[in-house]
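Morning, everyone. I have one chain to walk you through today. Please look at the screen.

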Amino acid sequence: MRQLKEKHPDAQRAKLGSLLFGPVEDIPDSVTAKQCWFTDDATGARPLQEVKQWWDELREAGPPLGYYPNAKKCWLVVKPKEESRAKEMFTGTGINTEGRKHLGAALGSQSYLEEYVGGKVEDWVEEVTRLAAFARSQPQASYPAFTFGLRHRWTYFMRTLPDIENLLQPLERAISDVLIPALIERNCSEAECDLRALPVRMGGLGLTNPSDSADAEYSASIRVSAPLVSKIEAQSHQTPEEAEVKRLVYTTRKEKEGGLKEELEKVKAMLPDKTQRAMDLACEKGASSWLTVIPLSLYGFGLFKIIFKS
C-alpha cells in the first residue's frame, strides 16, 4: 500500500457510479461540448468556452455519483493562439499546445505526431533487428513471430494516424534490408520485394510494406468507423446499426482484395517465367497454408532450416 501511495500520490477516488457512466447522463443538455467516454476516461472537444462549461458541470455532477474529476490528471490540448486564455480559464490543468498521447495514438500538432511516431519507429526497428539476428538460426520460428505478432505493433498506428508513410520508411528499410535477408539468406530485387508483400494465398510471404500500406489502412479505418463517429458527434447513446457496420467492413475488404489482385498481376508481369509458374502453384488452394501455421514440433510442423529457406 505504501508503494502504491508513493507511485500515485494523487490517486483518484472511484465508486460504482464511475463504472455506470453516471456523469454522462447527469450533465445538462445546455452543455454543448462533444463527449467521448471509455470506462471512466472522458474526452471533451469544442471551442474553449464550451469545454470549460463541460468541465465545470462534470466537477459538479460527478462526485454525487462516485466520479471525481482530477485536474492534475487532465490535459488540455489547444491551438497555440489560445494558450494564454486557456491557462487563465483552466487553473491547475496541464495546458499543451503541441500534443498528447490519447488512447495509444497521438493528438495534436504535426511536429508532435512526427516526434511520437518517430520514437515508436525507432523501437520497432530495434525489435525487427533483434528478430533478424534470431532468424539467421531459426528462420521458421522467426517468420510467424513477425507475421502473427511483431507487425501488428504498428497496425493500430497506421489505422489511427494520417500521413505517416514517410515516418515508417526506416521500419520498411529494416524489414527489407535486415529481416528478409536473414530469413532467406539473400537480398531481394525490387520485384521480389513487391512479391513478398503479397498475402500467402497469392504466392507472397505476407511481409507487408508498412510505408506503402499506411494510407490504405487509415482510409479503411475512417470508412468503417464512420457510423460510430456520427453517433459520437450526435452524442447518441445508441450503438451504430450492426448491419451498416458489416456492410462497410464487407465493402472495404472487397476493395482491398481487388487492389491486391491488381498488384498480383502487376508483380507477375515483372518476374521471369519460372517465378511466375511458381507463383501460380503457390496460389493454388492450400498450397501455401503451411506458412500460415505456427511451427509446433509436437504436430510435426517444424522444418529444418535448409528446407524452410528453400
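First, the ground rules. This is a predicted model, in which local features need pLDDT of at least 70, side-chain atom pairs count only at pLDDT 80 or more, and totals for chains, interfaces and linings use all residues. Residues are numbered from 1 along each chain as its sequence is written, and side-chain values use heavy atoms, with hydrogens and water left out.

Now the overview. The chain has 15 helices and six strands. Those are DSSP runs, numbered from the N terminus: helices are H or I with at least four residues, strands are E with at least two. Of the 310 residues, 34% count as buried. On terms: buried is under 20% relative accessible area, exposed is over 50%, and partly exposed is in between, with a 1.4 Å probe and protein chains only.

Take contacts next, meaning heavy atoms within 4.5 Å. Among contacts between residues at least 6 apart in sequence, 59% join residues at least 24 apart.

The accessible surface comes to about 19,500 Å². Carbon and sulfur atoms hold 54% of that surface. Areas are Shrake-Rupley with a 1.4 Å probe, and for residues only the protein chains shown count as cover.

On to helix α7, residues 139-149. What is the angle between α7 and α9? They pack at about 140 degrees, and their axes are 9 Å apart. That makes the pair oblique. Axes here are lines fitted to C-alpha atoms, for helices over the stretch in contact, with angles from 0 to 180 degrees between N-to-C directions. Under 35 degrees is roughly parallel, over 145 roughly antiparallel, 65 to 115 roughly perpendicular, and the rest oblique. From α7, the contact uses P139, S142, Y143 and F146. From α9, it uses I175, L179 and L183. Helix α9 covers residues 169-184.

Is T147 buried or exposed? T147 is buried, at 9% relative accessible area. Leaving out residues up to four places away in sequence, T147 touches H152, L205, G206 and L207. F148, also in α7, is partly exposed at 44%.

Salt bridges next. How many are there in the whole structure? The search finds 14. The criterion is a side-chain nitrogen of Lys or Arg within 4 Å of a carboxyl oxygen of Asp or Glu.

One of them joins E217 and R159, at 2.9 Å, N to O. This pair links distant parts of the chain, 58 residues apart. E217 is in helix α11, residues 210-224, and R159 is in helix α8, residues 155-160. E217 is buried, at 16% relative accessibility. R159 is partly exposed, at 40%.

Two others sit within helix α13. K246 and E242 meet at 3.3 Å, N to O. They are four residues apart, about one turn of the helix. Both K246 and E242 are exposed. E244 and R247 meet at 2.9 Å, N to O. These two are three residues apart, again about one helical turn. E244 is partly exposed at 31%, and R247 is partly exposed at 43%.

Also in α13 is K261, partly exposed at 48%. G118 lies in helix α6, residues 110-135, and is partly exposed at 23%.

Last, the loops. Most residues other than glycine have a negative phi. Which way does phi go at T39, negative or positive? Positive, about 50 degrees. T39 is in the loop between β1 (34-38) and β2 (41-45), and is partly exposed at 42%. Q235 also has a positive phi, about 55 degrees, and is not a glycine. Q235 lies in the loop between α12 (226-233) and α13 (242-270). Its relative accessibility is 29%, partly exposed.

That's the tour. Over to you.
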